[in-house]
Amino acid sequence: MKFLRRTLLAIFGVPILLAVVMSLVDGYRSRGKRAKPFPVTPPRTNDVGDGTVTTYTFGSDLYEDMIAAIDGAKKQIFLETYIWKGDEVGQRFKEALSRATARGVEVYCIYDELANLVVPTLFKRFPDDVHVLRYPMYSAGWRFFDLSRYGRDHRKILVVDDTVGFVGGYNIGAAYATEWRDTHVRITGTGVWDLRRAFADFWNLNRRRTHRRGANAPGPLLIETAPSWEPDLRFHRNVPRLWMFPIRSMYLEAINRASRNIYLTTAYFVPDEDFVDALKAAAERGVDVRILLPLKSNHVVVDWISRGYFSQLLDSGVRILRFKDAMIHAKTATVDGLWSTVGTANIDRLSLTGNYEINLEIFDREVAAQMEEIFARDESNALELTSAEWAARDIHRKFTELVLTPLRPLL
């Protein structure tokens, strides 16, 4: 038993200690540093099915349209976000929601309590007529053994009435408005009903956690089904409480069907081996596979763990591009000029098999062409990693990658 304890300590204790030290050092070095300007693509709207899809790559553009939608609400607003900063941008959203309730609009908000732990308590106090669900830091209760109850609410959704919806990678905050490169979409048409239902299902699953209790607690949200199916748009939701993780399957199906190109952008890249094998197989059969990652993300340990996959990907012909001077937080992909996805899920275990996530799958050539244009614009601000450059890295870097490998299943 003593040998077993020492072995487990070496396998997991050393990597965790190293990760903590690396995070502390990186946090100290990053103090006061600001992102540099980066290229963006202006919002553009495409007709898809019976509605539209507008793509955003700059936070300020997105926030203006989100607040305009809130100000135009007549009946109901659903807002769900992972992070909601208490800065000037966060305050603008809070004030817009207060104005909406003042004119009689029903407002429902959801945010993740753990992700907003450092946000001032005063900011997180809402008027009584705003229905707020704070997804708790610890959600398992007495069922601490039930792994399905540990997922975070990582989704970012805004639905106004039944006319317009927003979904994508943007959290709410001043830094995200100008310093982070992310991707979000605005949709109209039948797809909005599916987004409303996604919000309502999460609310109903967790509504006992709202800030009100007793007779004044809001009841379940009763949402009608969409009047028709929209075959060109599909929402995929990861729901850990129900052991539903369709986003990973969506990605794998698209990768396995690719015949021309796969352009994948993700903030954090810690895939499972099946995902890596699918990308390698695509490249080996002649598909142009490109993965765009941050050169330096806001989580240094994830960056180092990601590097453990680079050798096998580069050897199989996958191109790795690293976005410089700013954090790229987008979670998007486009395949063969037809298929695209924009959403909240990163390519890591937490997103694909752990957290509450939502991705929009789009079958449209015009949207795919725009996603390829956005990828090309991002690529112009990226450094490509070559096999020769990677093979020549220092021995201490290889050693660090090896030591951190046991942490992959945790991320």
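I began at Val-53, which stands opposite Ile-187 in strand 9. Strands here are DSSP runs (E, at least two residues), as are helices (H or I, at least four residues), numbered from the N terminus. Strand 2 (residues 51-56) and strand 9 (residues 184-188) pair in the antiparallel sense over four bridges. I count two strands as paired if DSSP finds at least two bridges between them.

Notes on the source. This is a predicted model, where local features need pLDDT of at least 70 and side-chain atom pairs count only at pLDDT 80 or more, while totals for chains, interfaces and linings use all residues. Residues are numbered from 1 along each chain as its sequence is written, and side-chain values use heavy atoms, with hydrogens and water left out.

I traced an open sheet of eight strands in the order 1-2-9-7-6-3-4-5, with mixed pairing. Strand 1 (44-48) and strand 5 are its edges, each pairing on one side only. From one strand to the next, the twist averages 15°.

Next I looked up the helices on it. Helix 2 (residues 59-71) lies across strand 2, strand 3 (76-81), strand 6, strand 7 (164-168) and strand 9. Helix 2 runs at about 145° to strand 7. Axes are lines fitted to C-alpha atoms, for helices over the stretch in contact; angles run from 0 to 180 degrees between N-to-C directions. Contact means heavy atoms within 4.5 Å. Helix 11 (residues 365-379) also packs on the sheet, touching strand 1 and strand 2, and its direction makes about 155° with that of strand 1.

Strand 11 (residues 261-265) and strand 13 (residues 288-294) pair in the parallel sense over five bridges. Leu-264 stands opposite Ile-291 in strand 13.

**Entry: salt bridges**

I listed 19 salt bridges in the structure. The criterion is a side-chain nitrogen of Lys or Arg within 4 Å of a carboxyl oxygen of Asp or Glu. Arg-152 pairs with Asp-112, the closest N and O atoms being 3.1 Å apart. Arg-152 lies in the loop between strand 5 and strand 6 and Asp-112 in strand 4 (residues 106-112), so the pair ties together parts 40 residues apart in sequence. Both Arg-152 and Asp-112 are buried. Buried means under 20% relative accessible area, exposed over 50%, partly exposed in between (1.4 Å probe, protein chains only).

Arg-290 and Glu-379 meet in a salt bridge at 2.9 Å, N to O. Arg-290 is in strand 13 and Glu-379 in helix 11, so this pair ties together parts 89 residues apart in sequence. Arg-290 counts as buried at 14% relative accessibility; Glu-379 is buried at 18%.

Arg-319 forms a salt bridge with Glu-384, with the closest N and O atoms 2.8 Å apart. Arg-319 sits in strand 14 and Glu-384 in strand 20, 65 residues apart. Arg-319 counts as partly exposed at 27%, and Glu-384 is partly exposed at 37%. I then found Asp-288, Arg-290, Arg-319, Glu-379 and Glu-384 linked in a network of salt bridges.
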